[in-house]
Amino acid sequence: MSSAVPLVQDGFHAWSPPEARRPIAEDPRLGSPEAAEVERRAADWEIVQIDRPGWRRISTPLGRIYGDIGISALRRLGAYLEDFDQMYRTAGLGNRLSGRYQVRIFRERKEFCSYAACLGAANAQSLYDPKTGEIGLWFDEAEVDLAWLEGIFAHEVTHAWMDLVWQRTGPLWFAEGMAEYFASFRWEGDVPVPGQAKPELVALAQLERMPLARLVSIPRDEMYGPEWPRHYALAWSVVHYLQTRVPDFVGRLLAGRGNIPEPEAIDATWWAYVEAL
């Protein structure tokens, strides 16, 4: 996204059935960090009430998190910031943060929607606003589960990380492709490993071919139009291809502030890669 465009809008994350939702402390599907580990890490984090009723602020070495959700969930977001930061460094893509992450999380979806509408992103499930450097999202345990929270938070933190480290918020395909690449992770012990080929992403990417030259220059209205899930998946597939086949290319894109110079040259090999996923 260009610096003239204020927001990156998101929402490409599946809802989980109600029977799969459990309280944070009881959720056995969490790969890492476990509740006891979160509490250990959070021992020295500052937690204060703020002027808004029911809201707290947690300050960690990497950022500040504001929210009206439970303290255990706020602390978990702080732990995720550390884990995702490690994920980017392990990927070899730099760690020169120019500032700290700032997160605002709402317990009620309608409150988040009012906040997002004020920023011009009324249909967003979550967002990153490069003007303020703030990640915005919501988490109601009665509606969504921790798998959803992990994925959507990783997506938005990736946008913020690209901005804080590389001052990079575009082009659109690259911003969303990177965010989906790092949001598609699995836990290996205590480490999130990105770039998993999730079946829903693969199916959407394979649904219909789009010339790579068109994808890398897709306008904002089209990117976030009715077919945005397919566009996100295609963007993810390009980043997945580059990270797998040309591992230094993503770093060059981050540092160079440009685009793929000759997309036609890799169009056929990229699509063959997508078809084989």
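Which residue takes a positive phi in the hairpin of S6 and S7? Select Gly133: its phi is near 70°, and the hairpin has four residues between the strands. Before going further, note that this is a predicted model, in which local features need pLDDT of at least 70 and side-chain atom pairs count only at pLDDT 80 or more, while totals for chains, interfaces and linings use all residues. Residues are numbered from 1 along each chain as its sequence is written, and side-chain values use heavy atoms, with hydrogens and water left out. Helices (H or I, at least four residues) and strands (E, at least two) are DSSP runs, numbered from the N terminus.

**Stop 1**

Buried means under 20% relative accessible area, exposed means over 50%, and partly exposed lies in between (1.4 Å probe, protein chains only). In a regular strand the side chains alternate between the two faces of the sheet. Colour Glu134, Gly136 and Trp138 for one side of S7, then Ile135 and Leu137 for the other; both faces are covered.

Two strands pair if DSSP finds at least two bridges between them. Strand S6 (residues 126-129) runs antiparallel to S7, joined by three bridges, and Leu127 stands opposite Gly136. Strand S5 (residues 101-106) pairs with S7 in the parallel sense, over five bridges. To see this pairing, show Gln102, which stands opposite Glu134.

**Stop 2: helix H5**

Next, select residues 172-183, helix H5. The 12 residues reach 16 Å from first C-alpha to last, close to the 16 Å expected at 1.5 Å a residue; the expected span is 1.5 Å times one less than the number of residues. How many residues of H5 are buried? The count is 12 of the 12, so H5 is largely enclosed by the rest of the structure. Among the buried residues are Trp173, Phe174, Tyr181 and Phe182, as well as Glu176 and Glu180.

Bring in helix H10 (residues 249-256), which packs with H5 at an angle of about 130°, the axes being 12 Å apart. That makes H5 oblique to H10, because angles under 35 degrees count as roughly parallel, over 145 as roughly antiparallel, 65 to 115 as roughly perpendicular and the rest as oblique. Axes are lines fitted to C-alpha atoms, for helices over the stretch in contact, and angles run from 0 to 180 degrees between N-to-C directions.

**Stop 3: salt bridges**

- Show Arg57 and Glu46, whose closest N and O atoms are 3.2 Å apart. Arg57 lies in strand S3 (residues 56-60) and Glu46 in strand S2 (residues 46-49), so the pair ties together parts that are 11 residues apart in sequence. Glu46 is partly exposed, at 40% relative accessibility.
- Move to Glu222 and Arg214, with closest N and O atoms 2.5 Å apart. Glu222 is partly exposed at 24%, and Arg214 is partly exposed at 43%.
- Then pick Arg230 and Glu227, with 3.0 Å between the closest N and O atoms. Arg230 is buried at 8%, whereas Glu227 is partly exposed at 42%.

Methods: Salt bridge = Lys/Arg side-chain N within 4 Å of Asp/Glu carboxyl O.
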